[in-house]
Amino acid sequence: MQAAPERARPSRFGRVLLIVNPAARRGDSSVHDARQTFASLDLPCDVVITERRGHGGEVAAANANDYDAIFTLGGDGTAVEVIDALAPNGPPVGILPGGTGNLLARALAIPMSVRKAVRVLVAGDEARVDLGRLADGTRFAIGAGVGIDASMIAGTTQEWKRRAGVLAYVVAGASHVLRRRRFVANITVDGASVTREAAVVLVANFGVLLNGLVTLGSGIRHDDGVLDVCIFDPVTILDVLRISRKLLFRDFTPDPAMTYLQGSHISVSTDPELPAQADGELIGSTPFFATVEPLAARLLVPHCQINRQ
């Protein structure tokens, strides 16, 4: 006797909205995969294709009361745009990978397959996550900074990102490291100021990136009500290699090229002025100011991911 086909388990959601950035790297095939997977779960899903920057947030805000969850398919910019629009009291947001780096999806251990991501998030948990907020009201989820991370974005064309994916950022960042560009940073955290030379200053909300491959520092959490300032200042290639090893192997013994600060109100200025980024989007030049909004985001995460760093 043949076994009966497995039936989809009832979802805790009655109806969901999928907001799609048409510039997503895998385009129509990803939308098709998402639609099919929601259908296989007997979960009604409406789809809206964004038309311009900011449109995803507008759609999310206008439909916040009509859906049990809102999913995004695009890059980190699309995801954060929707999270921003729905924080703090909107429906939970599920992030499907469709961008170049997918840093936020990777930080939350969401699978890089759209089909798997849909299933994992629908069956998963809900987490409250801190957000950072810039002086103009823009929110960020992963972090904001200057140095290698911002130069990676400024030095990466849309065409190169589309072709090479996250490798495009790696190549741009490596070229920055090889040029050994350093600057003077003045950082104020909750009223206390520090001035020092640096190659990177990152105001981090998440401490673990790329599915756990890189850990920025010890005890950096996305749900502790503070932001962490990571200051990295490699002078020689040996310094670069040592810091890289520490980040890869979670070795955070004291190091003269690594400084950490923590607080809720942070300003970063540099000499000379430098391009700054937040969650993979350029936000202008230094100085920039950031504050924390504790547990402002509602996110869908894989089961048991809530308590992981």
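**Chat about strands and a cavity**

Modeller: The chain exposes about 14400 Å², and carbon and sulfur atoms supply 54% of it (Shrake-Rupley method, 1.4 Å probe). This is a predicted model, where local features need pLDDT of at least 70, side-chain atom pairs count only at pLDDT 80 or more, and totals for chains, interfaces and linings use all residues. Residues are numbered from 1 along each chain as its sequence is written, and side-chain values use heavy atoms, with hydrogens and water left out.

Colleague: Thanks! How many helices and strands does the chain have?

Modeller: The chain has 9 helices and 18 strands, taken as DSSP runs (H or I, at least four residues, for helices; E, at least two, for strands) and numbered from the N terminus.

Colleague: And what percentage of the residues is buried?

Modeller: Buried residues make up 51% of the 309 in the chain, where buried means under 20% relative accessible area with a 1.4 Å probe, protein chains only.

Colleague: Let's look at β8. Which strands does β8 join by bridges?

Modeller: Strand β8 (residues 183-189) runs antiparallel to β15 (residues 265-271), with 6 bridges between them. There are also 7 bridges from β8 to β9 (residues 192-198), again antiparallel. Strands count as paired if DSSP finds at least two bridges between them.

Colleague: What are the bridge partners of T188?

Modeller: T188 is partnered with S267 in β15 and with S193 in β9. Also on the β15 side, N186 stands opposite S269.

Colleague: Why is β8 largely enclosed?

Modeller: Because 5 of its 7 residues are buried, β8 is largely enclosed by the rest of the structure.

Colleague: Which residue takes a positive phi in the hairpin of β8 and β9?

Modeller: That's D190, with a phi near 50°; the hairpin has 2 residues between the strands.

Colleague: How many bridges join β15 to β18?

Modeller: There are 4, and the two strands run antiparallel. V268 has F288 of β18 as its bridge partner.

Colleague: New topic: how many cavities of 30 Å³ or more are there?

Modeller: The search of the whole structure finds 3. A cavity is a set of points on a 1 Å grid over the protein atoms alone where a 1.4 Å probe fits but cannot get out.

Colleague: What lines the second largest cavity?

Modeller: I83, L86, A87, P88, G90, P91, V93, A296, A297 and R298, lining residues being those with an atom within 4 Å of a point. Two or more of them come from each of α3 (76-86) and β18 (288-301), and β18 gives the largest share, 3 residues.

Definitions and conventions. 1 Å grid on protein atoms, 1.4 Å probe; cavity = no way out; pocket = protein on both sides within 12 Å on 5 of 7 lines; lining within 4 Å. Points joined across faces, edges and corners; volume = space filled by probe spheres on them. Buried < 20%, exposed > 50% of the residue type's maximum accessible area, 1.4 Å probe, protein only.
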